[in-house]
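Please look over the sequence and the model shown here before turning to the points below.

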Amino acid sequence: MTQRLVIIGAGMASGRMIEHLLDYAPDAWHITLFNAEPRGNYNRLMLSPVLSGEKTYEEIVTHDDAFYADRRIDCRFGESVTRIDREAKLVHSANGATPYDKLVIATGSAPFIIPVAGKDLAGVVSYRDLEDTNAMIAASRPGAKAVVIGGGLLGLEAAAGMAARGADVTVIHLMGHLMERQLDPAAGYLLQKDLERRGIRVHCKGATKAILGTDKVEAVLLEDGTVYGADLVCMAVGIRPETRLATDAHLEVNRGVVVDAQMTTSDPSIFALGECVEFDRQLFGLVAPLYDQAKVLAAVLNDGVAAFCPVQTATKLKVTGCDLFSAGDFADGPDREEIVFRDPSRGIYKRLVIEDDRLIGAVMYGDTADGNWFFQQIKDGTDISENRETLIFGPAFQGGVQSDPLAAVAALPPEAEICGCNGICKGQIVEAINGGATDLGKVRACTKASASCGTCTGLVEQVLALTLGDAFAKPAAQSICACTDLTHEEVRRLIKGQELKSMPAVMQELGWKTSCGCPTCRPALNFYLLADWPLDYQDDRQSRFVNERLHANIQKDGTFSVVPRMWGGVTNAAELRAIADAADKYDVPMVKVTGGQRIDLLGVKKEDLPSMWADLNAAGLVSGHAYSKGLRTVKTCVGSEFCRFGTQDSTGLGIKLEKRLWGSWTPHKVKLGVSGCPRNCAEATCKDVGIVCVDSGYQIGVGGAAGMDLKETERLVAVETEAEAIEITVAFVQLYRENGKYLDRPYKWLKKVGLDWVRDQVTDPEIRAALIERFDLSQRVYQKDPWAERAAPEEARRFHPVATLSQEAAE
Ligand SMILES: Cc1cc2nc3c(=O)[nH]c(=O)nc-3n(C[C@H](O)[C@H](O)[C@H](O)COP(=O)(O)OP(=O)(O)OC[C@H]3O[C@@H](n4cnc5c(N)ncnc54)[C@H](O)[C@@H]3O)c2cc1C
Ligand code: SF4
């Protein structure tokens, strides 16, 4: 008979438990799932990559609507359970009482808030859920001041995320060095130096006295009198198990809800799991033990035999570029010895703590490749007396001979743990690979290895490489190109965070493997540097694709197409005459009207380009940038000036937009459309930005496409005035310039960052103003007509059509 299972909390622990439970017995339970958050289960660990902009919320959802629907789970999201009535076996919420046969409490933890004056001011957040993350994202506009109280794992991930978005971040930490529970002072020092290099200020031994402000937070005052200005304060000083429901229901509660090895509370019908529980006087704050609990509880609920037995966990920090690993016990002690390796110039530090010829602790900073091997030695209690001298150098040096780079992974026994979060060992991954999981995605789907915090991704890839040999191809999309292992997102973040303002600085500081890059990375770096540092960086023409170097589109016969700009698609007799004259003079074989309402002179010989541009310039025409990763066209309809349906002056708005935006370099081409009414004659709803005028104002849609992909725009906002429509559009384009991946069209970028985030940015008056200011600043440097520069004809001569055509195709 189906039993009623009520679960309070749709977090990491209960999510995993539900998966196991329904694997065992899909029809045995009718599940009602309450969650205080207005959503189902997502990978909470991955909030940090969302904060730093490396992932979107959509990418970290673990259980979507279809998951719950397929399993007929009654989802009560956004509904908190307020009381448990054990006698009547009911849980109470705002919508009434829900009966249960079995109840699971999985309420996680609540962030600890230090009881200082000002803690309730607007702008003080903790770091626990998506709302906190979104608040930090919204506050992290470039130049904004953020203070993070707490230099532990969460605090540092919050600090790095906000710094990556351009905020000026200060970390205040009570203790003498960062992450003192996981790191010794030497490793803590290296971590601090790395963070400071990214522009994050670190104040250790800092006790917060008060948070200052009237309506909202303005500053943080320390006991020593130091004051840090703050637009946002994130308190990340620890967590407390969320036990209120259990306490009120008179269950046994100590620091957490007390459970036995079967996750049963003091009431046999009520179970608990996750961060809210206390087992054997221990609390749990990492997912690895919670997933073990989930497995045990699922078995117990299905009348199986299982017992929870906590195992050691290792710690890693999810901040790109800060490689840190710590495991075991590394405190000093009378019978303990230590082996230390330091390479200050490379920022590498390793410390092993040994007791009775056994490794009991390991701290590593800068090079953590051997972390899992050391961790395995700690867990196994391996006698290290034989290899003590070479132990610190890791598995590659055991036996005195350095072997290949995969040696560390090769040396791991099958039972060695690779994915700490999910407890997946090397043998399970190898088995999955041999069973057909031949890439990272398949291994993840099959075993869950690297699916939680993601820090073991590199290791899983090494197991793939080791098992498959040459047949394993690491997905090229991950890094920009073979010159670096860094992704576009990481490089963009580091260019901003480390204030890298030239191509050599990027390559030097970020460890490029080639001395001067390649045709794939150079155009991307050129764009990122130009977009982020318009005043400091000099555009490098040699790093542009050939069309941009020659200011014209190469055609298949080696001739060029020349497209003069026509503001908003409007021209006049004088311009048409000049175009006709140029067509005659240079013997242009085809004159064609484009889809973007421009006139295209096709088949122009390369040696004629400079003089044709000069002729067109003389008639007041400038380049239409029909070849660029920048603003292409603003297509308009005739609007209210001539059309009887027109609600606003769509042509006039299109011209104003084009005059404001032309000449701005963007990650990929940008096309706009403005229609005077919803009849949409300018086809605005498939443009990167499409404005549809209505009686009440302007509906602005973004992220349309009408090429390889066909996509309708999504509504960004509706505004009343033309001035607002221009402001929103400019801010949107600048946001895309500052955050987009090179060669991602806006619709692809939007999919990654999420429309909500973009809307929050461009509708916030302060953020919008700052975006517009940075856009206009860049335009003052870069808004110029390339035809007026008369591109050097010798460059045209050097250019080889076949090679460059294939390069363009690669775009
Ligand atoms: C930013 C961040 C980064 C992290 N990184 C790592 C990491 O790298 N590695 C690692 O191992 N761990 C990490 N953690 C910790 C990890 O996320 C937690 O250990 C894990 O999420 C705890 O799972 P849980 O199911 O116990 O609680 P949660 O995932 O917090 O879920 C509990 C849910 O219960 C809901 N709830 C509470 N009270 C009620 C109520 N009365 N009624 C209804 N619903 C209720 C809450 O809203 C919440 O959604 C991180 C945590 C954060 C916040
Ligand atoms: S979109 Fe509307 S206003 Fe513009 S031309 Fe078409 S019918 Fe006229």
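The model is predicted. Ligand 1 has 30 residues around it, and the protein covers 92% of the 990 Å² of accessible area that this ligand has on its own.

**Surroundings of ligand 1**

- Among the 30 residues around ligand 1, those that come nearest are A13, R128, E275, V287 and K318.
- The backbone takes part in polar approaches to the ligand: a polar backbone atom of M12 is 3.2 Å from an oxygen atom of ligand 1, and a polar backbone atom of A36 is 2.8 Å from a nitrogen atom of ligand 1.
- Two or more residues of the shell around ligand 1 come from each of the elements α1 (12-24), β2 (29-35), α6 (153-164) and α9 (287-301).
- By residue class, the shell around ligand 1 holds 15 nonpolar, eight polar and seven charged residues.

- The residues around ligand 2 are C637, G639, C643, F645, G646, G676, C677, R679, N680 and C681.
- This shell around ligand 2 divides into five nonpolar residues, four polar residues and one charged residue.

**Helix α20**

- Helix α20 spans residues 609-618, and its buried residues are L609, P610, M612, W613, L616 and N617.
- Seen down the axis of α20, these buried residues fall within an arc of 165°, so they line one face of the helix.
- In an α-helix there are 3.6 residues a turn, so residues three or four places apart point the same way.
- The partners against which the buried residues of α20 pack are α18 (546-550), β29 (560-562), α19 (573-585) and β31 (599-604).
- Just after α20, G620 adopts a positive phi of about 90°.

**Residue S561 in strand β29**

- S561 is found in strand β29, one of the elements against which the buried residues of α20 pack.
- S561 counts as buried because its relative accessibility is 5%, and buried means under 20%.
- The side chains of S561 and D600 are joined by a polar contact of 3.4 Å.
- Not counting residues up to four places away in sequence, S561 touches A552, N553, Q555, D600, L601 and L602.

Methods
Residues numbered from 1 in each chain as written. Chains lettered and ligands numbered in written order. Predicted model: local features only at pLDDT ≥ 70, side-chain atom pairs only at ≥ 80, totals over all residues. Heavy atoms only, no water. Buried < 20%, exposed > 50% of the residue type's maximum accessible area, 1.4 Å probe, protein only. Helix = DSSP H or I, 4+ residues; strand = E, 2+ residues; numbered from the N terminus. Arc of directions from axis to C-beta. Contact = heavy atoms within 4.5 Å. Near = heavy atom within 4 Å. Polar contact = N/O pair within 3.5 Å; in protein donor to acceptor, adjacent residues only side chain to side chain. Areas by Shrake-Rupley, 256 points an atom, 1.4 Å probe, with all protein chains shown as cover. Nonpolar A, V, L, I, M, F, W, Y, C, P; charged D, E, K, R; others polar.
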